[in-house]
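These are my notebook entries on a single chain. I looked up its charged pairs, a helix, a surface patch and the overall dimensions.

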Amino acid sequence: MNLRLLDKKIEAKGTKSFYFEPEKAVAWLPGQYFYFTQPTLKHPDPRGNTRHFTISLSPTEGSLLRLTTRMREDSGFKKSLDELEIGSEIEGEGPNGTYILDENEKGLHILLAGGIGITPMRSFIKYNIDKKLTDIKLHLIYSNSIPAEIAFRKEIEEWSKASPNIKVDMTITKPGED
């Protein structure tokens, strides 16, 4: 299906989100991913023109698909993605994946994330809050190299303060380098 780029947003140092409007409605579960294909790349990439990314929005946040990624200079795919003009179209396929937040699995869930691995966790947490899943407690342990690289920091901290279901611990592996 065609996906139209609506917006780009810097989330943290070296991390950017891309918001796409699908040509038709998509139903997904928190944690699932999409394949994103750029018909042509402005920068060559030996891995080709398709990548899969977790949808970093919760299904409760509307109809847009958001991919969030660490931008890498050595990735022709990501450099080409970053240079896409607003309104440009790429191809998408999905949703895919079984790493999801299952509403039937009650109790405490420990979520471990490092760097950009936060994307499914962000979706889990937002979904939990929006659906008021009080029988599911989430404890996120999130590690980054430096504080500036913590994606979604402000909203995750706000959610943790506002919801007794959400506990967050963040760690930094290279203190003092920021």
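**Entry 1. Arginine 122 and glutamate 61.** I began with the salt bridge between the side chains of arginine 122 and glutamate 61, for which I noted an N to O distance of 2.6 Å. The pair links distant parts of the chain, since arginine 122 belongs to helix H2 and glutamate 61 to the loop between E4 and E5, 61 residues apart. I recorded that the model is a predicted one. I then looked up the cover of each partner. Arginine 122 has a relative accessible area of 2% and is therefore buried, the cut-off being under 20%. Glutamate 61, at 31%, counts as partly exposed.

**Entry 2. Helix H2.** H2 comprises residues 118–131, and its 14 residues should span 20 Å at 1.5 Å a residue; I found the end C-alpha atoms 20 Å apart, which agrees. How many of the 14 residues of H2 are buried? I noted eleven, so the helix is mostly covered. The buried residues are Ile118, Thr119, Pro120, Met121, Arg122, Ser123, Phe124, Ile125, Lys126, Tyr127 and Asn128. Against what do they pack? I listed strands E4 (50–54), E5 (65–70), E7 (107–114), E8 (136–144) and E9 (166–172), together with helix H3 (153–162). Lysine 132 follows H2 and has a positive phi, near 55°.

**Entry 3. Threonine 54.** I examined this residue within strand E4. Its relative accessibility is 18%, and threonine 54 thus counts as buried. Setting aside neighbours within four places in sequence, I found threonine 54 in contact with Gly31, Gln32, Tyr33, Arg66, Leu67, Thr119 and Pro120. Two of these contacts, Thr119 and Pro120, are among the buried residues of H2.

**Entry 4. Other salt bridges.** The count by this rule is eleven. I looked up the side chains of lysine 16 and aspartate 82, which meet in a salt bridge at 2.6 Å, N to O. This pair also links distant parts of the chain: lysine 16 is in strand E2 (residues 15–22) and aspartate 82 in helix H1 (residues 76–82), 66 residues apart. Lysine 16 is buried at 16% relative accessibility, whereas aspartate 82 is partly exposed at 27%. I also noted glutamate 11 and lysine 9, whose side chains form a salt bridge at 4.0 Å, N to O. Glutamate 11 is buried at 15%, and lysine 9 is partly exposed at 41%. Lys9, Glu11 and Arg66 are linked in a network of salt bridges; Arg66 is also one of the contacts of threonine 54.

**Entry 5. Nonpolar surface patch.** I found Leu108, Ile110, Leu112 and Ile141 in a nonpolar patch on the surface, with about 390 Å² of accessible area together. E7 supplies the largest share, three residues. Leucine 112 is located in this strand, and at 58% relative accessibility it counts as exposed.

**Entry 6. The whole chain.** I recorded three helices and nine strands, in the order β-β-β-β-β-α-β-β-α-β-α-β from the N terminus. For 178 residues a compact globule would have a radius of gyration near 16 Å, and the chain agrees with its 16 Å. The C-alpha trace spans about 45 × 45 × 25 Å along its principal axes. Buried residues make up 43% of the chain. Of the contacts with a separation of 6 or more, 72% are between residues 24 or more positions apart. The accessible surface comes to about 9,200 Å², with 49% belonging to carbon and sulfur atoms.

Conventions. Residues numbered from 1 in each chain as written. Predicted model: local features only at pLDDT ≥ 70, side-chain atom pairs only at ≥ 80, totals over all residues. Heavy atoms only, no water. Helix = DSSP H or I, 4+ residues; strand = E, 2+ residues; numbered from the N terminus. Expected span 1.5 Å × (residues − 1). Buried < 20%, exposed > 50% of the residue type's maximum accessible area, 1.4 Å probe, protein only. Contact = heavy atoms within 4.5 Å. Patch = residues over 30% accessible without salt bridge, like charges linked within 9 Å, V, L, I, M, F, W, Y side chains within 5 Å. Areas by Shrake-Rupley, 256 points an atom, 1.4 Å probe, with all protein chains shown as cover. Rg over C-alpha atoms; globule rule 2.2 N^0.38 Å.
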